[in-house]
Amino acid sequence: MANVLWLQGGACSGNTMSFLNAQEPTVVELVVDFGVNILWHPSMGLQIGHQVADLMNDCISGKTKLDILVFEGTLIEGPNGTGTMNNFCDRPMKDWVSELSKVAGYVVAIGDCASWGGIPAVPPNPTGSTGLQFHKKQKGGYLGASYTSKGGLPVISIPGCPAHPDWITQILVAISTGRIGDVLLDGFNRPTTFFSEFVQTGCTNARAFSEKVDGNFGVRGGCLFHEVGCRGPLTHASCNRILWNRQASKTRTNHPCLGCTEPGFPHHDLVKGSIFKSMKYLGFLPKEVPVGDSKLSYYFKAGVGKVFGSPAKTFRPTK
């Protein structure tokens, strides 16, 4: 049995809502079939007030074993490093995290805010928000670049705004069943099983992307990368392989991918004119090109695709 303590910092509870909608496995299966014991969760825990403080102190002292510390939301350090903007059980939340992370078998950051700061960390960042082991793209965060849990791993980051529910439950299963050693992490501590491919993989508009057929919100048959800021070719996530609610994804409903599993989210720091709009040079050359392409190479391929179409279209065999 794996004891899980779930805490929230600067959070909207979106990742909790996502977690409760998990399907493979469900939260009930997590508890009943995989031996996960949720010591406390802010939305489901029965303890209140000093009872929660007593529970956390028992974890810190070793009286209660803490196998997994899950953290949702930003780690708030403001004002002036005191953390008192986010007091919890009579102490700054950051102090609880400091002590609990030292005794936890594994630490899991759920969502963008916990992974690297997310929207609250956008300048000027008055709350002093940061992620557990990253601040945006910079490794460090609150716990520091060299932090490792008692299990020997850095903070396991499961980003997203919110994170896909099955990403969360499957990582908790991997830890609780002793198979977390089989899970590889990328340079941002994301499990590669969920974050090695691009959102564009499996996108129903992929052909329109190669042929540079422009699309827009809700319009079938066009690619959203060129005009409305879709970040599918730039974003590592399995949203088009492990569908949301086993039904769809943003791009499959013709909504642009927001790139919410990347450490730069929200991209361009929410600068006016950057939301739902592809940033361009000279009005037609994308400022950002798909990962793995140089700008010159992409511009050339995009031009060829616009004029001649994709190879599948150009060289379709005749009967």
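Biologist: Which backbone oxygen does the side chain of His267 reach?

Modeller: The side chain of His267 comes to 3.1 Å from the backbone oxygen of Gly259. This is a polar contact, meaning a pair of N or O atoms within 3.5 Å; within protein, one must be able to donate a hydrogen and the other to accept it, and residues adjacent in sequence count only if both atoms are side-chain atoms. The model is predicted, so local features need pLDDT of at least 70 and side-chain atom pairs pLDDT 80 or more, while totals for chains, interfaces and linings use all residues. Residues are numbered from 1 along each chain as its sequence is written, and side-chain values use heavy atoms, without hydrogens and water.

Biologist: Is His267 buried or exposed?

Modeller: His267 counts as buried because its relative accessibility is 15%. Buried means under 20% relative accessible area, exposed over 50%, and partly exposed in between, with a 1.4 Å probe and protein chains only.

Biologist: And what does His267 touch?

Modeller: Setting aside residues up to four places away in sequence, His267 touches Arg231, Leu258, Gly259, Glu262 and Ser274. Contact here means heavy atoms within 4.5 Å.

Biologist: Turning to His41, where is it found?

Modeller: His41 sits in the loop between strand S2 (36-40) and helix H3 (50-61). Helices (H or I, at least four residues) and strands (E, at least two) are DSSP runs, numbered from the N terminus. With a relative accessible area of 1%, His41 is buried.

Biologist: Which atoms does the side chain of His41 reach?

Modeller: The side chain of His41 makes a polar contact with the side chain of Thr16 at 3.3 Å. The backbone nitrogen of Ser43 is also reached by the His41 side chain, at 2.9 Å. Beyond the neighbours within four places in sequence, His41 is in contact with Trp6 and Thr16.

Biologist: A new topic: how many residues of H6 are buried?

Modeller: Eleven of the twelve residues of H6 are buried, so H6 is largely enclosed by the rest of the structure. Among the buried residues are Trp167, Ile168, Leu172 and Val173.

Biologist: What distance does H6 reach?

Modeller: Helix H6 (residues 165-176) reaches 17 Å from its first C-alpha to its last, close to the 16 Å expected at 1.5 Å a residue. The expected span is 1.5 Å times one less than the number of residues.

Biologist: What comes just after H6?

Modeller: Just after H6, Gly178 takes a positive phi of about 75°.
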